[in-house]
Amino acid sequence: MFAACAVAILCFVSVSHSAPLVCEKLVHPLDELAAHHFEGRWALVAGSLNHPPSMEALRLRDSITIYFSNSTETSTYTQINRFGDQCQHLPYIISVEGSTFTFDVGNRFDLGGSFLYTSCPDCMVMRWIVKSRKRHSVDLYLLSRRREVEQKEMEEFRAQLKCYQLPAPVVMDPTEELCPEQPESQPTAAAAAAGEAEETVDQK
């Protein structure tokens, strides 16, 4: 009995010590991100926010495409949300320094964050920090050159969410069509209204 208890205690101590070590790696910002690494098109694979209304808004999107261009100290970040057969283009100026980034959104709110560690070779994990009069949240987004990732890569992202105490992610449907980089037509009133209610990640 004593031996069994000793083993149980040892296992508990081992797990409690290993969890922080795992999180230390998973929440670590990248030391440096080469500009060419994030140029081009990315698809949102999954995302999680600790702001419930924004989580619900994320579920309304059929797909989300991200384009990075002119990747120097100041780059263009374009997020394209698909609502049914309509596409909503949201361009922003983003300043990148090392592993951190800041969005230029005027004086409406503060939006910045960092690029986090990922073992996925064609993925990018963005940690957003959103601060406004109505909201202060931490968001994590898994982007990839692919529409879906391997199970072990998704499990790693889920582990990152647990480290930040974020809810289970919204996983995008990889069969949904992505929007083109350039807008083809103006969004419908319904899509525009949805976008206004939740611009990018409902930062208002």
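A disulfide is a pair of cysteine sulfur atoms within 2.5 Å. The model examined here is predicted; local features need pLDDT of at least 70, side-chain atom pairs count only at pLDDT 80 or more, and totals for chains, interfaces and linings use all residues. Residues are numbered from 1 along each chain as its sequence is written, and side-chain values use heavy atoms, with hydrogens and water left out.

The protein holds four helices and nine strands. These are DSSP runs, numbered from the N terminus: helices are H or I of at least four residues, strands E of at least two.

Three disulfides were found in the whole structure. One joins Cys87 to Cys179, with an S to S distance of 2.0 Å. The torsion about its S-S bond is about -90 degrees, so this disulfide is left-handed. Cys87 lies in strand 4 and Cys179 in the loop between strand 9 (170-171) and helix 4 (189-197), 92 residues apart. Cys179 has 2% relative accessibility and therefore counts as buried. Buried means under 20% relative accessible area, exposed over 50%, and partly exposed in between (1.4 Å probe, protein chains only).

Cys23 and Cys163 form another disulfide, their sulfur atoms 2.1 Å apart. Cys23 lies in helix 1 (residues 2-26) and Cys163 in helix 3 (residues 151-163), so the pair ties together parts 140 residues apart in sequence. Cys23 is partly exposed, at 23% relative accessibility.

Cys120 and Cys123 are also bonded, with sulfur atoms 2.0 Å apart. Their link is right-handed, with 50 degrees about the S-S bond. Both cysteines are buried.
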